[in-house]
Amino acid sequence: MSSKMREARYFEEHQDNPPAGPNLDNVEKPNSAMSEEIAAAQSPPYSAFTTTQKKWIIFIAALAGWFSAASSFIYFPAIPFLARDTGVSVEDINLTVTSYLIASGIFPSITGDAADRYGRRPVFIVCLSVYAAINVGLAVQRSFASLFVLRMVQSAAISGTFSIAYGIIGDLTTPENRGGYTGFISVFPNTAPSVAPLISGLLLIRWSWPSIFWFLVIASSTELLIIIFFLPETCRSIVGNGSTRPPLINRPPIPALCPSSQWNEARKSDNQTQSGRPNPLSVLSLLRNRATLVAVCCYAIYYTIYSCLQASLSTVFVDTYKVSGLIAGVSYIPFGVACATSSYLAGRVIDRDYRKTAQPRGMSIDEFRGNDISKVPIEYARLRTNKYYIALCAPLIAGYGWALQLKVHMALALVLQFLIGFTIQPLFTSLNTLLVDFHPDRSSSAQAANNLVRCELAAAGLAVLDIMLRALGPGWSFIIFAVIHSLTLPALWILGKQGPKWR
């Protein structure tokens, strides 16, 4: 029987009536698994949303988050044209890139905390509404001062949307299937570095740079309408597992993606919705947890190396191989394709690793209600294959640097870029999944804290990248990155061993 048919039958049998007790005739089943099965039969499902509803909700949320990364990369091809039309130098326009990065590190702390307090849906609507309006302003402005300020506000409006998307992952998924959904959502930020500059280049061929912002207005407004009409509230402090009817502001006019139980009965939530103003500093309190701090610091190191690799394509790669603007844009595609493909596959591996960790300990795998992760070494389960990715990725990073240093054929450098992207992306996916495991009720805030640390460390790394390249050359510079990358292996090993004690 297919998984969809099994799920449909499950909800038909158990939505209105409590399920019958488990079959206790199987004497070979471990006692812990039998006890878990009995407890599971007496508890409601973790999420009342069906698998199809979950997939559509996560797709809509991930698409909203795509604009966060796309807004940065779609901007780069227009920089010389903006400098010409605003009467300033390219170096001045680059300050608007810096301001965008600074804002993208800070403001998700506000939106992430707000999404955990007031719900995912209203914060999504506010963010995309402001974002669309700001893009109108960017399309019609013609001065550097306006461009500088509006780019910061643009970043403030949209940069937190991926934190909200990961919050939805925590709302809807159990540890058993969380990796697959996290892998799916990770595909979207990894397509932006390849797709967004291509969109920008095509628009610039036919029209001038304002067309880029008009495109963002139209695309984000379409996404906004989809969210307004279809996206249900998933925040567990408001709707529980989805069966509690939320306040009016958190309800979509078209309930196609809402659980039927939410509309058949108006239950009062047992959870207490947080009140008060969003506190951006509250997300930093999550870093007092040692396991969270180690995971976030390792993630920030990987992201810094990732950002320096991306930056090298637009600087060292172009200077080394003397390629044209079109070829330079196409050179982003292998890395982006590798990251997008790897993130999806890594999600499947992460779910498999969870099953391989839980089943030998006598735990049944219940994707509907979820297992108590206090009984599972979740840190080991999520990180058990990372040592292989680190061992493969570090020498590839060093090899890429020396390929540029020795000016070998461009094809080798692109192949190394592809392989680096394929081996570094599973590290992001596993750590993102682990952060949601650590903080399922504050997963948006956890991602906001992660975003703050990774963006600031990446900004520091990019600031010293040119200095390192001039002083040491690409070969030794990327060897240093490879060594730093390797140092995360003992840190993750300690997290896997000590994590359960640190909870």
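I began with residues 1–41, where pLDDT stays under 50. For that stretch I found 40 contacts beyond four places in sequence. This is a predicted model, and where pLDDT is low, the predicted coordinates should not be read in detail. I noted residues 265–273 as well: pLDDT stays under 50 there, with 16 contacts beyond four places in sequence. Over the chain, pLDDT averages 80, and 82% of the residues score at least 70.

Next I looked up helix H10 (residues 178–206) and helix H17 (residues 333–358). Their axes come within 7 Å and cross at roughly 175°. Angles over 145 degrees count as roughly antiparallel, so H10 is roughly antiparallel to H17. I listed who touches whom: H10 brings residues including Gly179, Gly180, Gly183 and Ser186, and H17 brings, among them, Gly336, Ala340, Ser343 and Gly347. Sorted by class, this contact has seven nonpolar, 10 polar and three charged residues. Arg178 of H10 and Arg348 and Asp351 of H17 are also in the contact.

My last stop was helix H3 (residues 51–73) against helix H7 (residues 120–140). Their axes lie 12 Å apart and the packing angle is about 40°. The crossing of H3 past H7 is left-handed. From H3 I wrote down Ala61, Ala64, Phe67 and Ser71, which meet Phe124, Leu128 and Tyr131 of H7. Which classes make up this contact? I counted six nonpolar residues, one polar and no charged ones for H3 with H7.

Technical notes
Residues are numbered from 1 along each chain as its sequence is written. This is a predicted model: local features need pLDDT of at least 70, side-chain atom pairs count only at pLDDT 80 or more; totals for chains, interfaces and linings use all residues. Side-chain values use heavy atoms; hydrogens and water are left out. Axes are lines fitted to C-alpha atoms, for helices over the stretch in contact, and angles run from 0 to 180 degrees between N-to-C directions. Helices (H or I, at least four residues) and strands (E, at least two) are DSSP runs, numbered from the N terminus. Angles under 35 degrees count as roughly parallel, over 145 as roughly antiparallel, 65 to 115 as roughly perpendicular and the rest as oblique. Contact means heavy atoms within 4.5 Å. Ala, Val, Leu, Ile, Met, Phe, Trp, Tyr, Cys and Pro count as nonpolar, Asp, Glu, Lys and Arg as charged, and the others, Gly among them, as polar. A crossing is left-handed if the near helix is turned anticlockwise from the far one by less than a right angle, and right-handed if clockwise. pLDDT is the predictor's confidence in each residue, from 0 to 100.
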